[in-house]
Amino acid sequence: QKTAWNNYCTALAEHYRGRVRHFEIWNEPENRENPKENQMWTGSAEDYYRLYSTTAKHLKNCFGDSIKVGGYGASGCYGIFYHPERYGLNEPAREKDERYDNDIHRIEFLYGFMEYIKKHNSPIDFFSWHSYANSMKTYKIGLFIESVLEQYGYGDIELQLNEWNNSHTREEKGTSLASAKAGSMMCLLQKTKTNILCHYQASLGIGPYNSVFSPMDLQPFCIYYTFKAWGELYELRNRVATASDDEELFIIGAVMDEQKGLLVINDSEETKIVKSGIEDELDAYLIDENHLMEKVDIDIKKFELKPYQVMFFKN
């Protein structure tokens, strides 16, 4: 069985090498609904650790640094909020509920994985994790994962939040709230070492997590335009220093030569008056469920953002 598995992984990596560099070994092996049921992995934690180690060593022996291996698509480190003092959080403890055992299991699984790969010198080029929590909780989870990796001597490896969606309910899809929360998530994760963020998901059609395009006419929801604005900032390459004295108001900007861009996000239920002090002449584009990156006439030095509105400025 080991030989067959290794042959399969080798063939798969060989087929996609050159087009795909990252090879994630399994997905959410600790994602169980209760102690007797696991949605992704039916073996023990030790079984998965061995699978990861065997596969990672084999692939690196075959392909070296031409590929990156990692795992394990951690399904959510939400357990840290039950015992904040244990994990360096300064906040009230989350009340225990029916998810407690599963959430604590996920934390124990993470520590067990790190112990195993350290002991067995298993290669790991990146660590991947998932979150369906809100922006601030996801940010805190990201910092926690960083601290665990550093504890075991893996503080320099690549980090991927390669599955996230903080507004995936039926009521939130297509709303201003969804576009604002996507923006605040990306802004907050800039403060972590996370290298890659993958929103789940942007498929067309009907699906429980399809949140970027309308399933009725396949046209973009307003969240699409938050991603579009972010993409335009990314192309400018050079992030500029920005700051906000309101923890629900997020600001990020970038420049390249004479090109400038600024994204301002109100992730709250309250209207915000924004005073920027910026003197540049920049065009303003409003993003919410009624304005799909629509150009508006405002004064960048002082303007109003209604609940969950996003404003993108560029020249």
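This is a predicted model: local features need pLDDT of at least 70, side-chain atom pairs count only at pLDDT 80 or more; totals for chains, interfaces and linings use all residues.
Residues are numbered from 1 along each chain as its sequence is written, and side-chain values use heavy atoms, with hydrogens and water left out.

Let's start with the helices. Two packed helices are described by the angle between their axes and the distance between the axes. Helices here are DSSP runs of H or I with at least four residues, strands are runs of E with at least two, and both are numbered from the N terminus. Axes are lines fitted to C-alpha atoms, for helices over the stretch in contact, and angles run from 0 to 180 degrees between N-to-C directions.

Helix H1 (residues 2-16) packs on helix H2 (residues 45-63) at about 50°, with the axes 10 Å apart. H1 and H2 are therefore oblique to each other (angles under 35 degrees count as roughly parallel, over 145 as roughly antiparallel, 65 to 115 as roughly perpendicular and the rest as oblique). On the H1 side, the contact (heavy atoms within 4.5 Å) includes Trp5 and Cys9, and on the H2 side Leu51 and Phe63 are among the residues involved.

Further along, helix H4 (residues 135-151) and helix H5 (residues 176-189) have axes that come within 9 Å and cross at roughly 25°. That makes H4 roughly parallel to H5. Ser135, Met136, Thr138 and Tyr139 of H4 meet Lys181, Ser184, Met185, Leu188 and Leu189 of H5.

Now for the pockets. On a 1 Å grid over the protein atoms alone, a pocket is an open set of points where a 1.4 Å probe fits, with protein on both sides within 12 Å along at least five of seven lines; lining residues have an atom within 4 Å of a point. Grid points are joined across faces, edges and corners, and a volume is the space filled by probe spheres set on the points.

The largest pocket holds about 600 Å³ of space. It has 25 lining residues, and Ser75, Tyr78, Arg99, Arg106 and Tyr132 are the closest to its centre. H3 gives the most to this lining, with three residues.

The second largest pocket comes in at about 390 Å³. Among its 23 lining residues, Ala243, Ile251, Leu262, Ser276 and Ile278 lie nearest the centre. Strands S9 (249-256), S10 (259-266) and S11 (272-275) each supply at least two lining residues.
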